[in-house]
Amino acid sequence: MSTPDARIAVVTGAARGIGAAVARRLAADGFGVAVLDLDERGAGAVASEIGRAGGRAGAFGVDVTDEHAVEEVVERVADRLGPPSVLVNNAGITRDNLLFKLTVDEWDSVLDVHLRGAFLLSRAAQRHMTAAGWGRIVNISSTAALGNRGQANYSTAKAGLQGLTKTLAIELGRFGITVNAIAPGFIQTDMTRATAERLGISFEEFANAVVKKIPVGRAGDPEDIAHLASFLVSEGAGYISGQVVYAAGGPVD
Ligand code: NAP
């Protein structure tokens, strides 16, 4: 089956950073976009900006870890904008600590937002996709899935998202739904700014040190990830599923 006429995309954690860039890009591609975030005002600002640029978007406040809120918000998106056929699971947090200092709360909160959140949104949204016989799910993983000092919780969650991606690709393929993951490297957002702050160095200092190891010689921008998301949710990408695409300015090991 081909793309449904009314193409509606849900993007989580879309009030800023990578999620906001993905929301803006999918709107420019012609999708009606549901901008989901904990921060409803921030989501509203992104939705208004999309509207001013000639696109169609709605803002929805939701905590992706809350089962009932997720079920309810996906139905509200379907009522207000139309049934979603694209889902980008992007909402994320970091709570970095070395293992011996890592608290159960830091472990649980990171796994909840990334993994439970992606599971809940995917379960709620696939209903509309299977009914339409067409869908695209993109999970935002990370190069940290391969291991990163001080991020046992985050790297476990991002590796878990890769397993979820492959399994959902196997389960949902027969319904015309593809499921892929993007694993970004260093992207300039509030999240990486917060990392620099935690390390007690300026963002410029932090970025310069990281960029030295990136083959293309620059830090990534949220738009780099939005470009890849735009491709993966496109009609022509229908034979690509269960893949993890690293977007890190070079190979990763
Ligand atoms: P960001 O600027 O911190 O944005 C994350 C967004 O997610 C925020 O708007 C945040 O809302 C929202 N969020 C957090 N918890 C939520 C929840 N429970 N329910 C709904 N929304 C929630 O981060 P980013 O750098 O754009 O990262 C986006 C994604 O890319 C994350 O999954 C991150 O792990 C991943 N990633 C980032 C990088 C990088 O270098 N930046 C690299 C690899 C992967 P609030 O503002 O209200 O907290």
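The reply below starts at the ligand and then moves to other parts of the fold.

Reply: First, the ground rules. The model is predicted, so local features need pLDDT of at least 70 and side-chain atom pairs count only at pLDDT 80 or more, while totals for chains, interfaces and linings use all residues. Residues are numbered from 1 along each chain as its sequence is written, and side-chain values use heavy atoms, with hydrogens and water left out.

Now the ligand. The shell around it holds 29 residues, of which R16, D37, N90, Y154 and T189 come nearest. A residue belongs here if one of its heavy atoms lies within 4 Å of the molecule. By class, the shell has 13 nonpolar, ten polar and six charged residues. Nonpolar means Ala, Val, Leu, Ile, Met, Phe, Trp, Tyr, Cys or Pro; charged means Asp, Glu, Lys or Arg; the others, Gly among them, count as polar.

A polar side-chain atom of T189 sits 2.5 Å from a ligand oxygen. I187 uses a polar backbone atom, 2.9 Å from an oxygen of the ligand. For L38, a backbone N or O atom lies 3.3 Å from a ligand nitrogen. The cut-off for a polar contact is a pair of N or O atoms within 3.5 Å; within protein, one must be able to donate a hydrogen and the other to accept it, and residues adjacent in sequence count only if both atoms are side-chain atoms.

Cover comes next. On its own the ligand has 900 Å² of accessible area, and the protein covers 91% of that. The areas come from the Shrake-Rupley method with a 1.4 Å probe; for residues, only the protein chains shown count as cover. Elements that give two or more residues to the shell are α1 (17-28), α4 (104-132), α5 (152-172) and α6 (190-199). Of these, α6 gives the most, with three residues. Helices (H or I, at least four residues) and strands (E, at least two) are DSSP runs, numbered from the N terminus.

Next, the aromatic residues. The whole structure has two aromatic pairs. F186 and F203 form a stacked pair, because their ring centres are 6.1 Å apart and their planes lie at 20 degrees. F186 is in the loop between β6 and α6 and F203 is in helix α7 (residues 203-211), so this pair ties together parts 17 residues apart in sequence. F186 and F206 form an edge-to-face pair, because their centres are 5.5 Å apart and their planes lie at 80 degrees. F206 is also in α7, so this pair ties the loop between β6 and α6 to a part 20 residues away in sequence. Rings of Phe, Tyr and Trp (its six-membered ring) pair if their centres lie within 6.5 Å; planes under 30 degrees apart are stacked, over 60 edge-to-face, and the rest tilted. F203 counts as buried, at 13% relative accessibility. Both F186 and F206 are buried too. Buried means under 20% relative accessible area, exposed over 50%, partly exposed in between (1.4 Å probe, protein chains only).

S142 is in the loop between β5 and α5. S142 is buried at 7% relative accessibility. A polar atom of its side chain lies 2.9 Å from the backbone nitrogen of A144. Leaving out residues up to four places away in sequence, S142 touches Y154, K158, Q162, I182, A183, P184 and Y246. Contact means heavy atoms within 4.5 Å. Y154 is also one of the residues that come nearest to the ligand.

H128 lies in helix α4, one of the elements of the ligand shell. H128 counts as buried, at 17% relative accessibility. Its side chain joins that of E75 in a polar contact of 3.1 Å. Not counting residues up to four places away, H128 touches V74, E75, A78, P83 and P84.

Last, helix α8 (residues 222-232). Its buried residues are P222, I225, A226, L228, A229, S230 and L232. They pack against α1, β5 (135-140), β6 (177-184) and β7 (244-247). α1 also gives two or more residues to the ligand shell.
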